[in-house]
2 protein chains.
Amino acid sequence: MDVLKGLVEPNDKRILMLVADGLGGLPDESGKTEMESARTPNLDELARVSSLGLVDPIGSGITPGSGPAHFALFGYDPVEHAVGRGVLEALGSGLRVTDRDLCVRANFCSLDASTGKVVDRRAGRIPTAKNLELVARIAAKVKCIEDVEVILRSGKEHRFVVVFRGPGLAQELSETDPQKDGKAPLAVRGLAPEAAKSERVVDEFLRSASALLKSEPVANYFLMRGFSMIPRIEPMAERYGLKAACVAVYPMYRGLAQLVGMDILETGETWESELGTVQKHMGEYDFFFVHLKELDKMGEDANFAGKVQYLEKLDVLVPRIKAMGFDVLIITGDHSTPAVLGTHSWHPNPFLLWSPYVRQEGASGFSERTCSRGQLGRMRATEVMPLVLANALKLRKFGA
Amino acid sequence: MDVLKGLVEPNDKRILMLVADGLGGLPDESGKTEMESARTPNLDELARVSSLGLVDPIGSGITPGSGPAHFALFGYDPVEHAVGRGVLEALGSGLRVTDRDLCVRANFCSLDASTGKVVDRRAGRIPTAKNLELVARIAAKVKCIEDVEVILRSGKEHRFVVVFRGPGLAQELSETDPQKDGKAPLAVRGLAPEAAKSERVVDEFLRSASALLKSEPVANYFLMRGFSMIPRIEPMAERYGLKAACVAVYPMYRGLAQLVGMDILETGETWESELGTVQKHMGEYDFFFVHLKELDKMGEDANFAGKVQYLEKLDVLVPRIKAMGFDVLIITGDHSTPAVLGTHSWHPNPFLLWSPYVRQEGASGFSERTCSRGQLGRMRATEVMPLVLANALKLRKFGA
């Protein structure tokens, strides 16, 4: 990767990386995957004149979460640049996370007042409306501790996220969640000398916020886990010489893109709107990351037919995408989400690369199977960005 | 690689590694690459009974220069064993480089005598004849500085190379080229304690050599960059137990082979002559590296048809190569040079391996496409030598 950096030579060529979340799948009883079942003449034609391959987000057999999957695609080692759960939750809630933020995921829970033990770690999954009420109550009273701002966001049911924003914070803190009902919540402890202030601030937050819950019949306490700050990440502008923009609807993906230094563009909720946003900003950036969420949702819902429908919807957009005139075009997933599994999976991602400088496949279509026979072979996700830069002629020769 | 070394077991089996420089290509408007366009019945038949694959010289998207590309193919990590520009230029000029040589690339330039600033870093690309005259003038006067011999070679136009040969030299020197017209040349500075003598010697060379150019109307000064010495490299004899020979016409490739300890055989300029040289020395070596330059030249000249012609010429030589009776035969490139790009590229190299112990492909021909579907898959260049040694039965089992 140090090799790469010395070779970067910016030019005006433009790259579109289209990430169809959860693209790859598995065959259902018909023997065909979602991609093989969908009627996608435009994608098939594009595959014919592109190079294909399969991309492993992390490694053999490893199912990635969205954070590492995207980081790897952006060319950052997903293990080295691990993003903690607290940060991911904060990003997912739509917060902009800065390098002074200590983030943590919290759950309302039920405590037995007499024994001090947790009787339900999820407070009976209280309604989200109740969560909103409790979080508002805390936020109204606990705004600042020492010179640290306290920011709260409700999640669904019992979940919420806390961001401590201020100088001198560190993530080396023990969790307060005992992980089992019937045990007492744990105290928060600094695990490194530099976490002393964080321990003090979080401990004070725990004390004053929980005091406001004492009279609650169910959600009378809360547990915290996944203390984390954002990893130190070299922005894409420095690493690749790219002026990069993100077009994504969901906060999590916008947040991940922001962490690697992309500009986050305002966009509407439909795929058509997302493409319109790209078109509008076409002259301002040389790298667009466009995130399309719905295939993953269908996969997570075990909705094979729904995923097929969204693939056909994607196919309809291909002529418009081609007409935009990008110099390099990538269509891939961040991870697979087979409907038959109903969840993220470890299967490598179908990967399509088009540029004027590819060894065209002459492939019969765009699917897991055609990609597995593609000329790019099986790649690690972190190998994608160098290949993309090369196809945009943005890399000098290594050595003489 | 440490694993490999303990397993090497020399025998009398002989290996031919034929490197067709710039072999791999890209499709032109016909949709076929140079290899797919050429009529190569002998190569196709050989591919049928061989194993095929694609080889990455450095890594995904990285376009290699000849130095790292060959080092990788010889099994030496091309980043760890980086060869500096000065050394490569010296090798390319036909000089034998020893481990006491500090090499540097130099350019004649034009200096404004009144301001002392560079007005043309290339001295208007003076004719090569003028370069020869100036270099001869310096060489006649500046032969030795302290106990260091000074060796000069003219390149084309404004380029020349200087080799300082003597004890106690080091490569940690700053360059004198300011990289831009309108700036003064820089002084040479030692960047490490062990470079003190080098700084002194080079500084004195700069002073006395430039004094001889003062009266020149155009090329009245020169700039130096890429100070380098040869990296410490374990010879192939030690690393692989091979007695290795190089048959190459161009000095650069002979020089690279010499760096890894190959014997350099005298040969004529044609491919037929190169094969004749192999035949002549057949009994003396168990590894022959044969370098064929012309495909790369055609690629660099963006001459698609010319590259196709040379591929057909290579095909004609295949029966003769087979008849030599090598135990292991490799045909590959060091890097790709697609005519449509007119330069080295990042695309992986077609790779053919024949021995009695391969899983024969039954491939329809020898091309980037058939290689991409080959049983060897996609390999790193540094994985080639172990595979070659195995096919020559020169490696013991690892572990019991």
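## Starting point: a loop in chain A

Where is Arg125(A) found? Arg125(A) sits in the loop between β4 and α6 of chain A; helices here are DSSP runs of H or I with at least four residues, strands are runs of E with at least two, and both are numbered from the N terminus. This is a predicted model, in which local features need pLDDT of at least 70, side-chain atom pairs count only at pLDDT 80 or more, and totals for chains, interfaces and linings use all residues. Residues are numbered from 1 along each chain as its sequence is written, while chains are lettered from A and ligands numbered from 1 in the order in which they are written.

Most residues other than glycine have a negative phi. Arg125(A), though, has a positive phi near 45 degrees, and Ala123(A), also not a glycine, has a positive phi of about 50 degrees. Ala123(A) lies in the loop between β4 (117–120) and α6 (128–141) of chain A. Buried or partly exposed? Ala123(A) is buried, with 27 other C-beta atoms within 10 Å, and Arg125(A) counts as partly exposed, with 15 C-beta neighbours inside 10 Å. The cut-offs: 20 or more other C-beta atoms within 10 Å is buried, 12 or fewer is exposed, and in between is partly exposed, with C-beta atoms placed from the backbone.

## Chain A as a whole

Chain A has 14 helices and 14 strands, and its C-alpha trace spans about 70 × 55 × 40 Å along the principal axes. Of the 400 residues of chain A, 52% count as buried.

Pro78(A) is found in the loop between α4 (66–73) and α5 (85–92) of chain A. Pro78(A) counts as buried because it has 24 C-beta neighbours inside 10 Å. Leaving aside neighbours within four places in sequence, Pro78(A) is in contact with Ile58(A), Pro64(A), Pro68(A), Phe71(A) and Ala72(A). A contact here means C-beta atoms, placed from the backbone, within 7 Å.

## A helix pair in chain B

Over in chain B, the axes of α5 (residues 85–92) and α9 (residues 251–259) come within 7 Å and cross at roughly 120 degrees. Axes are lines fitted to C-alpha atoms, for helices over the stretch in contact, and angles run from 0 to 180 degrees between N-to-C directions. Leu88(B), Leu91(B) and Gly92(B) of α5(B) meet Pro251(B), Met252(B), Gly255(B) and Leu256(B) of α9(B).

## How A meets B

A rotation of 122 degrees with 0.2 Å of shift along its axis superposes chain A on chain B (RMSD 0.1 Å), fitting by least squares the C-alpha atoms of residues with pLDDT of at least 70 in both. The two copies are thus related as by a three-fold rotation axis.

The contact takes 18 residues from chain A and 29 residues from chain B. On the side of chain A that touches chain B, α14(A) gives the most, with 4 residues. Only 11% of the interface residues of chain A are also interface residues in chain B, so the copies meet through different surfaces.

Definitions and conventions
Two residues are in contact if their C-beta atoms, placed from the backbone, lie within 7 Å.
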